[in-house]
Amino acid sequence: MPNNLISIQALDEVMTDIGSARGMPNAAYHSEELFRFERDEVLSKTWAGLVFESELPEPNFAHPIDFMGLPLVAVRGADDQIRIFHNVCSHRGMPLVSEPGTFAGTIRCAYHRWGYTAAGALRATPNIGGAGVHTVEGFDCTNHGLKPVRSASFMGIIFVNLDGNAPELDAHTAPIKNRWEKFTNHMNQLTPAKSASSLRLEVASNWKLPVENYCEAHHLPWVHPGLNRYSPLEQHFNLIVNEYASGQGSLSYTHSEVAGTTLPKFSDWPEEKKSHAEYISLYPNVLLGLQVDHAFAIILDPVSPGKTIERLELQFVGKSAIEQAFAECRDAVLSAWQEVFAEDIFAVEGMQRGRLSPAFKGGLFSPVLDESTHHFHLWLARQYRADYVRA
Ligand code: FES
Ligand SMILES: [Fe+2]
């Protein structure tokens with residue numbers, strides 16, 4: 001780690017009792033060098049959310065995504081499997097796919113038309129042996145396919161583990177699955193609606209600030225007066241799932257009553273918990289929400305130290321929930337969340353600007369309401385510190 005930017009003492013100040021802890025220093029929010037460090041030493045070593053399965057809507061579909069400056073591409077093959085590759089042609093290094101879209105069985109490079117299968121195998125090298133000669137002695141296509149990235153799926157999100165060494169995604173997400181089994185065993189019923197179920201917001205903020213903001217309900221009454229009416233602050237509790245997941249929950253989420261929606265609900269959701277909802281940040285960059293009649297997931301796409309794209313996808317309970325009959329109900333849910341996440345923009349952008357001040361040195365935490373936010377800082381400081389130990 002570039003340890004001239006963050007001292008070990010600063011990390012120790014984060015990794016202490018919440019009553020006296022500081023947050024991560026300003027450099028972690030503004031430095032290009034630390035942004036690359038986080039990509040290579042923090043996010044690459046765990047599972048980061050990359051793309052929704054629904055963003056690859058049909059077989060033979062490719063979707064390029066730059067992940068913190070690394071060109072990647074998600075490809076859904078004719079076998080319906082989604083694979084992730086480094087988006088770079090083996091020949092002269094052109095990005096292979098530049099726009100999301102379908103391909104006709106072979107993905108062709110725009111430069112010299114080398115072609116790859118959806119499984120990443122190189123299968124066409126036009127003119128490699130001279131005009132009209134498509135093979136050449138000593139060149140074996142089997143050695144030069146696309147370079148795969150380890151990936152797996154949870155709640156409709158394709159996660160990537162760039163260094164390839166993290167435990168299986170199933171094990172990684174087991175604490176959340178176990179926790180949410182107290183509400184339902186039917187998470188696999190969740191279905192994204194094909195249209196009007198997603199949002200895209202661009203925020204002038206480091207990726208960590210939307211995570212921190214999502215972790216707490218502390219700001220609810222002032223920032224979200226609408227939400228606070230059907231899910232008030234005093235009904236919220238902190239939620240620490242495990243060392244890399246925290247957030248908050250509500251004991252009284254009554255949007256369906258307020259908005260008059262009648263969406264299908266999880267059939268095994270306990271009656272006494274029907275108004276409960278939970279909001280979990282799955283570090284590093286995925287935010288999840290679960291209610292009795294819908295769920296949502298947000299992928300935070302860290303574009304640069306000061307810019308993040310938030311992509312949200314709503315998911316409803318069972319196939320009938322995405323039929324036309326429920327279109328208005330789905331719209332009501334989407335616009336409620338749209339209002340909430342738009343209201344948060346000024347907060348995360350403000351915190352980003354505040355971190356330009358030398359007078360701010362990580363800030364303070366409410367020992368009562370900021371526990372889940374501090375938990376995220378603890379996790380992050382541990383990752384930074386581990387690098388000191390390795391160095
Ligand atoms: S760079 Fe892709 S075919 Fe030449
Ligand atoms: Fe908020």
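Visitor: What makes S6 and strand S7 (residues 115-116) a pair?

Guide: Two strands pair if DSSP finds at least two bridges between them. S6 and S7 are joined over 2 bridges, in the antiparallel sense. They therefore meet the definition of a pair. Arg108 stands opposite Gly115 in S7.

Visitor: What kind of model is this, and how are its parts numbered?

Guide: This is a predicted model, in which local features need pLDDT of at least 70, side-chain atom pairs count only at pLDDT 80 or more, and totals for chains, interfaces and linings use all residues. Residues are numbered from 1 along each chain as its sequence is written, while chains are lettered from A and ligands numbered from 1 in the order in which they are written.

Visitor: Why are S6 and S8 called edge strands?

Guide: Strand S6 (107-108) and strand S8 (122-124) each pair on one side only. Their sheet is open, with 3 strands in the order S6-S7-S8. The pairing in this sheet is antiparallel.

Visitor: What counts as a strand or a helix, and how many of each are there?

Guide: Both are DSSP runs, numbered from the N terminus: helices are H or I with at least four residues, strands are E with at least two. The chain has 11 helices and 18 strands.

Visitor: Why is the chain called as compact as a globular protein of its length?

Guide: Set its radius of gyration against the globule rule. The radius is taken over C-alpha atoms, and the rule is 2.2 Å times the number of residues to the power 0.38. For 391 residues the rule gives 21 Å, and the chain comes to 23 Å, which is close, so the description holds. Along the principal axes, the C-alpha atoms fill a box of roughly 75 × 60 × 35 Å.

Visitor: How do you know that strand S15 (residues 277-282) is largely enclosed?

Guide: A residue is buried if 20 or more other C-beta atoms lie within 10 Å of its own, exposed if 12 or fewer, and partly exposed in between, with C-beta atoms placed from the backbone. In S15, 6 of the 6 residues are buried, so the rest of the structure largely encloses this strand. Ala277, Tyr279 and Ser281 point one way, whereas Glu278, Ile280 and Leu282 point the other way. In the chain, 42% of the 391 residues count as buried.

Visitor: What are the pairing partners of S15?

Guide: Strand S14 (residues 245-250) runs antiparallel to S15 and is joined to it by 6 bridges. There, Ser250 has Ala277 as its bridge partner. Strand S16 (residues 286-290) pairs with S15 over 5 bridges, also in the antiparallel sense. Ile280 stands opposite Leu288 in S16. S15 and S16 form a hairpin with 3 residues between them.

Visitor: Where do Asp80 and Ala196 lie, and why do they count as exposed?

Guide: Asp80 is in the loop between strand S3 (70-76) and strand S4 (82-86). Its phi is near 75°, a positive value in a residue other than glycine. Asp80 has 11 C-beta neighbours inside 10 Å, so it counts as exposed. Ala196 is in the loop between strand S11 (190-192) and strand S12 (198-203). Its phi is also positive, about 50°, although Ala196 is not a glycine. Ala196 has 12 C-beta neighbours inside 10 Å, so it too counts as exposed.

Visitor: What makes a set of residues a nonpolar core, and which members touch the most others in the largest one?

Guide: A core is a set of buried Ala, Val, Leu, Ile, Met, Phe, Trp, Tyr and Cys residues joined through C-beta atoms within 7 Å. The largest has 91 residues, and Leu50, Ala74 and Ile157 touch the most other members. Strand S17 (residues 294-304) gives the most to this core, with 6 residues. Domain 1 (49-151) and domain 2 (181-360) each supply at least three residues. These bounds come from an automatic or database domain assignment.
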